[in-house]
Structures are given as structure tokens and as C-alpha cells.
Amino acid sequence: MSDEEIYFESDDGDEQQVVEDYQEADYIEEDTLDTPEKKYKAAKDSVGFDDYFAIDTFYDVYCDETAREKIRRKSLKKAAITLSQHDDDIERILGALTDICQAYEDKFFDKDDLFETVTGMLSNLMKSNSALLTFLEAATEKVKLEGIDQTFFIDLKLRQCELMMLNQDYEKAKEYLTEIQPMLHFPPKEDDIIMCSSCIRFLTIKIEFADLFNREDKMINLFRQSQNISQVSLSTNQKALLTKIEGIVLLKERKFKEAKEQLFKSFELFDEVGSVQRVRVIPYCALAEMLTRGLMSLFMNPKVIPFKQHEKVMAIEQLYNAYMSNNILRYNELIEPASKLFSDNPFYHQLILEIRQYVLRGALFAFCRSFQRVGLNYAAQKLGSSPEEIKKQIMDLILSHEIRALYDPKNDQIVIREAMKPSQYLLNTNSMIEAMENYVDKMTNDIPIIY
């Protein structure tokens with residue numbers, strides 16, 4: 001039975017009858033709350049209307065040693081969780097935390113009771129950053145000092161790490177990670193779900209660190225380590241982060257189509273939770289899109305449009321536009337600012353230069369159509385390239401029959417040939433040949449066969 005359900009169970013006829021009698025009354029005066037059961041029911045019904053009356057009444061039941069142990073235990077849980085909805089009363093919330101830990105130490109609470117109550121309080125406190133931080137500090141200190149449970153301590157410390165990462169207090173987050181690392185077992189046993197979950201949370205935080213400080217090799221190593229852990233339930237943010245790294249690994253393996261799919265999936269997951277990490281994925285998505293020779297503009301997607309002018313997106317969006325329009329001069333200007341989005345990583349810089357060859361090819365194709373004869377040096381000057389690049393690309397265009405041209409080595413020129421026009425005398429050749437074939441077939445069929 002959950003915390004939200006009433007304590008009284010149908011297998012106890014006397015207590016069930018008390019509840020029914022209580023429900024039949026229009027209201028109950030305070031002086032009629034003469035049993036723990038009536039008090040519990042009155043407190044439960046007051047949650048959301050008069051929380052502090054409910055909290056005080058729950059505490060009255062908890063402190064009543066004549067009450068049954070089960071109702072006292074449930075009253076303390078409800079009091080603490082209800083109180084945590086009022087994050088401005090942090091001192092009293094910390095007092096409730098002390099009561100919970102004392103209940104555990106006195107064996108009045110078991111481990112599940114403790115975890116359930118503290119987790120419920122944490123959920124309520126998440127709307128207040130400062131209250132959550134204060135509560136976590138107190139909770140981890142109490143759990144550590146009283147030696148309550150190591151797995152619970154790890155969980156609380158990881159929550160602290162996640163909060164510090166959100167607050168961009170990276171030094172504190174690093175300190176917490178260092179403290180709990182000796183307590184984790186890599187790789188964890190497959191049947192130890194709690195340890196598997198803790199290890200995944202630990203690794204995703206470390207991946208975030210590596211990502212923030214552009215340590216891509218370490219990030220990929222941590223990702224590979226996470227792949228050796230048994231499948232556990234992941235938060236949307238964790239899924240997004242691991243999917244992003246998977247996309248980056250596929251990029252490095254030159255599996256551009258698969259990389260594009262994973263990277264955009266990562267963007268959508270980050271976007272789903274409103275994470276600032278989503279803008280950091282867009283440059284990778286754009287790069288993968290260009291490498292697959294995609295023609296559907298990523299930046300026309302309604303989910304991406306709001307971030308086009310973001311400082312971490314603008315350069316790659318402009319590069320993408322130059323790619324789409326085969327504007328080689330503009331593309332050349334944007335290579336350096338776009339490379340900086342990837343922290344001047346040589347691998348991504350090389351990919352940007354690789355895409356440049358696609359753009360140059362398209363620009364050269366359009367350029368040559370305006371001439372009958374053009375020098376390589378002139379074309380190189382106009383297209384912001386070297387004569388060697390122009391020669392390589394023009395030869396490829398000629399061999400693929402995309403343009404009809406010859407290379408004049410003596411004058412170092414490209415000679416554009418006119419497209420051959422079909423002879424007027426041969427316009428009907430195909431139809432004449434087809435008619436002749438049909439006639440021959442008919443004659444053959446009409447000749448009798450003599451045996």
C-alpha cells in the first residue's frame with residue numbers, strides 16, 4: 001500500500017468500521033479526534049488544504065506510544081513528505097530528516113522506509129535549488145556519520161554531483177565524484193541493479209565533464225565502459241548524452257548516415273528535457289548531414305530554428321548555407337569559425353575540408369558553364385582555390401560525364417565543348433529500326449516450316 005493510500009486495511013474489521021463512521025460525519029471537531037486512527041484520517045484529509053495542521057497531527061500520532069506501530073510509522077512518513085512541500089521552512093524540514101534517521105537508528109524504520117521517505121522529500125524539494133542543496137548536504141552528512149547504508153550514501157552523493165553540474169560548480173562536483181569512486185565496483189555484477197545504476201550515473205557525469213572540457217578521447221573511453229554495464233533504466237538526459245557519444249563514435253568510423261540519425265535523436269532527447277546541451281549537438285548534426293550529401297536543410301526543422309542564432313550554432317549554420325548554395329568563397333571564410341565550434345579538433349577540421357571538396361565541385365560545375373575556354377589559374381583565382389584543386393575536380397567532372405570538356409595542357413586551359421546535337425537525318429532512326437524488326441519478325445512467322 002503506497003503512502004498516498006489510507007493506512008486502515010479491510011482485514012481489520014474494527015478499524016475499518018471506525019473509518020466508515022468517521023466518513024459519515026459532516027465534519028469532526030478537534031476534541032472528537034480521540035483515537036490515533038481518527039487523527040490520522042483527519043490529517044490525511046487536511047493535506048493540501050491545511051498542511052501545517054496535517055503535519056502537527058501526523059506528529060501527534062507518531063509520538064503517541066499507545067498507537068499501533070504501523071500507523072505511527074506511516075504518520076512520520078506523511079509528516080516529513082508533506083513538510084518538504086514547504087521549502088521555505090528548511091529548518092523544520094531538516095528536523096524531520098533528523099527524526100527519520102533516528103527512527104532508522106532505533107529500528108523503527110527499515111531501509112525501505114528510510115529510502116522511500118527521503119526520496120519523496122527530495123522530489124518535493126527539487127523546485128528550490130537552495131533548499132535541495134541544503135537538504136542534500138545534511139542528508140549525506142547524517143547517512144555518512146551514522147553509517148546508515150553505503151548505497152544510499154552513493155545515491156545522495158550522485159544527486160549532489162548532478163546538482164553541482166547544473167549549478168556549474170564543477171570543482172565541487174569533481175570533489176564529490178572523487179569521494180564516491182572507491183565505493184563503486186567496475187564492472188558491477190549484472191544482478192546488482194542498484195550498483196549498475198550508480199555506475200551509469202557516475203560515468204554519465206564524468207562524460208559530461210569530459211565533454212565540457214573537450215576531452216573527446218576520454219569521453220569515448222567512458223562511453224565504451226558504460227556499454228559493459230547491464231541495461232538499467234536511464235533518465236532522458238542520460239539517454240541523450242550516451243546517444244550523442246554513440247553518434248560521435250559513428251562519425252569517427254565514417255558511418256555518416258547512422259551518425260546523423262543518432263545525433264539528431266540525441267538533440268531531440270536533450271530538447272525534450274530542455275537541456276542546454278542540445279545546442280552543443282547541433283554542429284555535429286550539421287556536419288553529419290553535409291557528409292551524407294543531404295539536401296534537406298537541418299536548419300529548416302522547427303525544433304532547430306530557435307537556435308540558429310546561438311553563438312555555438314551560428315557559424316555552422318552559415319557554413320551549411322554555403323554548402324547548400326555551392327558558395328565556395330563564403331565556405332572558405334567560414335572554415336575557421338566553424339572549426340572552433342569543435343575546439344579546433346583536427347578530425348573535425350579535416351571533415352570540414354572534405355565537405356569543401358563537394359562545394360568546390362558544385363561551384364566549378366556552375367562556373368564552367370559560363371565559358372567556352374577558361375584557364376586553370378583564372379578559375380582557381382575566382383573560386384578561391386589552387387590550380388591543382390581545380391585541375392583535379394575538372395578531370396573528375398569530365399570523366400563522370402557531368403560536363404563535356406577537354407583539358408588543353410599546352411595552354412593550361414579547360415575547353416568546354418558544345419553538347420552534340422543529333423543529326424536531322426537520324427532523328428527517326430530508332431523508329432525505323434523498330435519497324436524493320438517488326439516486319440522481319442512477321443515475315444519469319446509467315447514462312448511455313450517444312451519437315
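# Briefing: a predicted helical chain, viewed from Q277

Q277 is found in the loop that runs between helix 13 (256-272) and helix 14 (278-291). The model is a predicted one, and its protein chain comes to 20 helices and three strands in secondary structure. Of the 451 residues in the protein chain, 44% are buried; among contacts between residues at least 6 apart in sequence, 59% join residues at least 24 apart.

**Q277 and D211**

- With a relative accessible area of 9%, Q277 is buried, because that value falls under the 20% cut-off.
- Once neighbours within four places in sequence are left aside, Q277 is in contact with E208, D211, L212, K244 and F270.
- D211, one of these partners of Q277, has its place in helix 10 and is likewise buried, with a relative accessible area of 5%.
- Not counting residues up to four places away in sequence, D211 touches M219, K244, Q277 and R280, and K244 is also among the residues in contact with Q277.
- D211 and I245 are 34 residues apart in sequence, while their C-alpha atoms are 9.4 Å apart in space.

**Helix 14 and its surroundings**

- Helix 14 has 14 residues and reaches 21 Å from its first C-alpha to its last, which is close to the 20 Å expected at 1.5 Å a residue.
- Because 14 of the 14 residues of helix 14 are buried, this helix is largely enclosed by the rest of the structure.
- Just after helix 14, the residue R293 takes a positive phi of about 60°.

**Salt bridges**

- A search of the whole structure finds 28 salt bridges, and one of them joins the side chains of R280 and D211, with a distance of 3.3 Å from N to O.
- This pair links distant parts of the chain, since R280 lies in helix 14 and D211 in helix 10 (residues 193-212), 69 residues apart.
- E333 forms a salt bridge with R330, in which the closest N and O atoms are 3.0 Å apart; because the two residues are three apart in helix 16 (residues 328-340), E333 and R330 are separated by about one helical turn.
- E333 counts as exposed, at 53% relative accessibility, whereas R330 counts as partly exposed, at 34% relative accessibility.
- R356 forms a salt bridge with E389, the closest N and O atoms of the pair being 2.6 Å apart.
- R356 lies in helix 17 (residues 346-368) and E389 in helix 19 (residues 387-399), so this bridge ties together parts that are 33 residues apart in sequence.
- R356 is buried, with a relative accessible area of 7%.
- Salt bridges that share partners also join E69, R73, K77, D113 and E116 into one network.

**Helix 4**

- Helix 4 (residues 69-83) has 15 residues and reaches 21 Å from its first C-alpha to its last, close to the 21 Å expected at 1.5 Å a residue.
- Helix 4 is mostly covered, with 12 of its 15 residues buried; among the buried ones are I71, R72, K74, L76, K77, I81 and L83.

**Helix 9 against helix 10**

- Two packed helices are described by the angle between their axes and the distance between the axes.
- Helix 9 (residues 170-180) and helix 10 pack at an angle of about 140°, with their axes 11 Å apart, and the crossing of helix 9 and helix 10 is left-handed.
- The contact is made by Y170, A173, K174, L177 and I180 of helix 9, together with F202, I205, K206, F209 and L212 of helix 10.
- The residues of this contact divide into eight nonpolar, no polar and two charged.
- L212 of helix 10 takes part in the contact with helix 9 and is also in contact with Q277.

Definitions and conventions. Residues are numbered from 1 along each chain as its sequence is written. This is a predicted model: local features need pLDDT of at least 70, side-chain atom pairs count only at pLDDT 80 or more; totals for chains, interfaces and linings use all residues. Side-chain values use heavy atoms; hydrogens and water are left out. Helices (H or I, at least four residues) and strands (E, at least two) are DSSP runs, numbered from the N terminus. Buried means under 20% relative accessible area, exposed over 50%, partly exposed in between (1.4 Å probe, protein chains only). Contact means heavy atoms within 4.5 Å. A salt bridge is a side-chain nitrogen of Lys or Arg within 4 Å of a carboxyl oxygen of Asp or Glu. The expected span of a helix is 1.5 Å times one less than its number of residues. Axes are lines fitted to C-alpha atoms, for helices over the stretch in contact, and angles run from 0 to 180 degrees between N-to-C directions. A crossing is left-handed if the near helix is turned anticlockwise from the far one by less than a right angle, and right-handed if clockwise. Ala, Val, Leu, Ile, Met, Phe, Trp, Tyr, Cys and Pro count as nonpolar, Asp, Glu, Lys and Arg as charged, and the others, Gly among them, as polar.
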